[in-house]
Amino acid sequence: MRQRHAVVLGGSMAGLLTARVLTGHFERVTIVERDELAGGWAGDPGADPREREVRRGVPQGRHAHGLLAAGLHVIEELFPGAAEELVAAGVPAGDVLGNVRFCVNGYRLKQVPSGMAALSFSRPYLEAYVRAKVFALPGVTVRGGHDIVGVVVDAARARVTGARVQARDGAPETLAADLVVDATGRGSRAPRWLAELGFAPPQEERLHVDLAYVSRHYEVDPALLEGDIAMIIGPSAAAPRGGAVMLQEGGRAVVTLFGILGDHAPLDDAGYRAYAKRLPLPYVSDIIEASTPLDDAVKLRYPASTRLRYDRLRRFPKGFVVVGDAMCSFNPMYGQGMSVAGVEALRLGDLLCEGGDFDALRFFRAVRPVIDIPWQIATGGDAALPGVDGPRDARTRMVNRYLNRLYATAARDEVVSLAFNRVTNLLDPPAALLRPAIAMRVLVRRGTKTVHEL
Ligand SMILES: Cc1cc2nc3c(=O)[nH]c(=O)nc-3n(C[C@H](O)[C@H](O)[C@H](O)COP(=O)(O)OP(=O)(O)OC[C@H]3O[C@@H](n4cnc5c(N)ncnc54)[C@H](O)[C@@H]3O)c2cc1C
């Protein structure tokens with residue numbers, strides 16, 4: 001039976017994708033968001049500048065954002081025909097491996113058609129598309145320009161019965177709800193609300209990376225990318241910095257330079273270009289030098305990957321759940337956050353399909369593997385970099401040695417390159433890299449030099 005009202009706190013990707021799923025289970029869904037949200041999507045990237053506007057609440061929108069294959073699958077499932085519609089509107093598209101140049105730990109991966117589609121858009125444009133689709137659904141109401149004050153509970157303090165919200169210059173009001181979803185991102189106040197209600201807050205796991213993204217947009221001749229839609233150079237043991245060029249809708253590209261542990265790209269033009277020149281491969285710098293900048297560089301710091309272990313709690317109020325970055329925020333270099341939020345939304349829908357009184361603890365446990373895998377990929381990858389404070393035990397050293405051989409093999413072996421790509425796109429679990437067919441190729445490889453050694 002359909003319940004009456006769900007309130008989603010936060011109108012970014014996790015909130016929107018969750019709201020889309022909730023419309024199948026609730027008569028009304030209200031999205032509450034601090035920013036004013038434009039609801040249209042004209043299709044033509046030039047038609048409505050608001051579609052590409054970076055919102056205050058989502059400052060990462062200025063920076064490179066990739067959608068993994070797993071995430072594109074979710075978008076297609078929730079909005080059938082989305083990829084076709086976005087491509088028709090001018091979003092650059094290609095193959096996730098055949099048209100994306102990757103350099104991992106100093107090895108440039110072999111490019112081969114994978115059969116997996118990739119779209120390359122700006123974050124605000126994707127969000128505007130999803131927003132327009134969700135806002136058009138029957139039963140959806142949007143409270144833009146509203147701050148979330150807290151949650152409301154019943155007399156027994158066992159069930160969340162609504163949310164307190166406040167319009168700018170308005171008085172606080174209560175939105176009664178059968179389910180309140182916290183999708184407010186890294187700044188979520190859910191742990192504090194839980195403590196105030198007498199519940200144990202979740203433990204926090206953190207991996208400090210002191211990462212910064214520094215980005216500029218450029219008018220780029222797509223021919224410079226030689227058929228690719230994106231180029232990504234990840235940090236390596238030899239160089240804790242990287243860069244990405246991603247074509248976007250509207251005939252431009254975003255260039256993001258990133259470095260960890262304080263090795264941050266400068267904002268001034270000369271410093272920015274010099275930093276790009278010191279990347280292990282020249283292609284990001286080559287694009288910068290041959291293209292016209294459209295704006296000044298902007299910096300965003302990301303101190304640490306953070307995971308709140310809601311899945312380990314024993315008590316949690318009914319009528320309340322936490323999703324997206326509010327539950328787990330991954331080092332953005334791995335491009336996982338939106339895709340994980342999408343898969344979480346699908347799992348939430350699966351549990352709601354079972355009917356009965358929704359139990360958030362079951363949801364947190366159901367999404368544990370959904371989070372475990374990208375968390376392992378991101379924190380494992382970071383911990384392999386010198387200076388990052390991760391596990392250094394014998395097992396980790398062995399895994400890292402194997403992975404390094406695997407990257408070297410993937411530089412010349414299509415099968416291994418594809419297997420690795422399926423894992424990083426969250427389509428296969430990391431264990432797939434240990435399958436005999438892959439392990440044999442990795443263990444018999446003969447020396448491929450890293451780009452640092454060439
Ligand atoms: C630099 C950077 C690059 C990234 N690159 C990628 C990438 O390449 N690929 C990828 O998949 N992911 C990437 N991510 C992660 C991705 O942006 C998030 O995972 C994704 O946006 C889902 O987050 P969310 O919706 O849970 O939270 P957020 O995107 O943080 O949104 C939270 C929302 O809640 C609202 N809000 C917060 N507090 C309140 C309040 N008190 N009252 C009202 N509203 C409130 C905010 O305004 C905002 O709209 C990147 C992140 C960063 C920082």
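This tour moves from the ligand to the cavities and then to a pocket.

**Before you start**

This is a predicted model, where local features need pLDDT of at least 70, side-chain atom pairs count only at pLDDT 80 or more, and totals for chains, interfaces and linings use all residues. Residues are numbered from 1 along each chain as its sequence is written, and side-chain values use heavy atoms, with hydrogens and water left out.

**Stop 1: the ligand**

Zoom in on S12. One of its polar side-chain atoms lies 2.7 Å from an oxygen atom of the ligand. Go on to A14, where a backbone N or O atom lies 3.0 Å from a ligand oxygen. Finish at D325: a polar side-chain atom there lies 2.7 Å from an oxygen atom of the ligand. Taken alone, the ligand exposes 1,000 Å², and the protein buries 93% of that. Such areas come from the Shrake-Rupley method with a 1.4 Å probe.

**Stop 2: the cavities**

A cavity is a set of points, on a 1 Å grid over the protein atoms alone, where a 1.4 Å probe fits but cannot get out; lining residues have an atom within 4 Å of a point. The structure holds 3 cavities of 30 Å³ or more.

Select R50, E51, R123 and R131, which are among the residues lining the largest cavity. Its volume is about 70 Å³. The lining divides into 4 nonpolar, 1 polar and 7 charged residues.

Next, pick Q3, F26, R159 and D178, among those lining the second largest cavity. This cavity has a volume of about 50 Å³.

**Stop 3: the second largest pocket**

A pocket is an open set of grid points with protein on both sides within 12 Å along at least five of seven lines. The second largest pocket has a volume of about 300 Å³. Of its 16 lining residues, A70, V343, R347, V370 and L426 are the closest to its centre. The lining divides into 12 nonpolar, 1 polar and 3 charged residues.

Where does the second largest pocket lie? Domain 1 (3-41 + 129-205 + 305-378) and domain 2 (389-443) both give residues to its lining, so the pocket lies between them.

How values were computed
Polar contact = N/O pair within 3.5 Å; in protein donor to acceptor, adjacent residues only side chain to side chain. Points joined across faces, edges and corners; volume = space filled by probe spheres on them. Nonpolar A, V, L, I, M, F, W, Y, C, P; charged D, E, K, R; others polar. Domains from an automatic or database assignment.
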